[in-house]
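Dear colleague,

Please find below the structure that I am handing over to you. My findings follow after it, arranged by topic.

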Amino acid sequence: MEFIIQFKGNVKFKLTLDPTVWIFDDRKLDLEKYFTEKRIERDELEEYKRGMGEHWSREIMEGATVPPTLNSEKTYKKQEKKEMLTGTFGILFRPFLENAEPYDNAETVVFETAHGEFSFSFEEAKELVFKFSDKGQPLREDGPVHILLPDGSNVDNPITDVTAIRVE
């Protein structure tokens with residue numbers, strides 16, 4: 001089985017997704033808690049603007065510190081490492097769909113699997129969750145991702161064996 005997923009169809013950018021690297025992505029979701037805990041929606045653009053404003057103000061007051069590489073390097077604590085090695089994680093599909101930049105006439109997202117095709121409208125697809133890790137291990141048997149509905153109703157019976165994503 002391949003661990004990459006081709007993103008194709010009616011999009012400006014044909015993407016290749018590699019779920020094996022998402023374990024290091026800050027956007028990953030802890031699926032052991034995601035469907036049971038109340039979630040607070042975050043506006044990433046607003047957070048970015050706020051952070052940049054604070055950085056700009058600090059540079060005006062204190063002067064620039066060059067190079068700032070030590071601030072951007074992420075170090076993982078012992079607990080975070082343990083969670084990454086034993087946790088069950090997923091990631092929202094929305095940013096991948098938006099980065100592919102579907103054309104205006106695109107209406108549906110089709111997930112091609114070994115068991116057939118599954119279609120979702122754009123609005124439905126944006127809310128889907130890709131499970132990419134189970135108890136610290138990549139989904140080798142029926143992966144590389146499992147597609148979960150936003151309410152978690154198909155956690156025990158997800159869409160598996162995804163081979164490609166097609167926008168129509």
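**The second largest pocket**

The second largest pocket has a volume of about 190 Å³. Please bear in mind throughout that the model is predicted. The lining of this pocket is made up of 15 residues, and those nearest its centre are Thr20, Ile23, Ser133, Gly136 and Pro138. At least two lining residues come from each of helix H4 (78–86), strand S7 (129–134) and strand S8 (137–138). In terms of class, 11 of the lining residues are nonpolar and four are polar, while no charged residue takes part.

**Nonpolar residues, outside and inside**

On the surface, a nonpolar patch is formed by Trp56, Ile60 and Met61, which together have about 440 Å² of accessible area. Met61 belongs to helix H2 (residues 44–62). This residue counts as exposed because its relative accessibility is 73%, above the 50% cut-off.

Phe111, by contrast, is buried, with a relative accessibility of 0%. Phe111 is part of strand S5 (residues 108–113).

**Salt bridges**

The count of salt bridges comes to 11.

Asp25 and Arg27 form a salt bridge in which the closest N and O atoms are 2.7 Å apart. Asp25 is buried, at 16% relative accessible area, whereas Arg27 is partly exposed, at 32%.

Within helix H5 (residues 94–100), Glu98 and Arg94 are four residues apart, so about one helical turn separates them. Their side chains meet in a salt bridge with an N to O distance of 3.8 Å. Both partners are partly exposed: Glu98 has a relative accessible area of 43% and Arg94 one of 29%.

Arg166 counts as buried, with 18% relative accessibility. Glu117 and Arg166 also belong to one network, in which salt bridges with shared partners join them to Lys8, Glu112 and Glu168.

With kind regards

Methods
Residues are numbered from 1 along each chain as its sequence is written. This is a predicted model: local features need pLDDT of at least 70, side-chain atom pairs count only at pLDDT 80 or more; totals for chains, interfaces and linings use all residues. Side-chain values use heavy atoms; hydrogens and water are left out. On a 1 Å grid over the protein atoms alone, a cavity is a set of points where a 1.4 Å probe fits but cannot get out, and a pocket is an open set with protein on both sides within 12 Å along at least five of seven lines; lining residues have an atom within 4 Å of a point. Grid points are joined across faces, edges and corners, and a volume is the space filled by probe spheres set on the points. Ala, Val, Leu, Ile, Met, Phe, Trp, Tyr, Cys and Pro count as nonpolar, Asp, Glu, Lys and Arg as charged, and the others, Gly among them, as polar. Patches are made of residues with over 30% relative accessible area and no salt bridge: like charges are joined within 9 Å, nonpolar side chains (Val, Leu, Ile, Met, Phe, Trp, Tyr) within 5 Å. Accessible areas come from the Shrake-Rupley method with a 1.4 Å probe; for residues, only the protein chains shown count as cover. A salt bridge is a side-chain nitrogen of Lys or Arg within 4 Å of a carboxyl oxygen of Asp or Glu. Buried means under 20% relative accessible area, exposed over 50%, partly exposed in between (1.4 Å probe, protein chains only).
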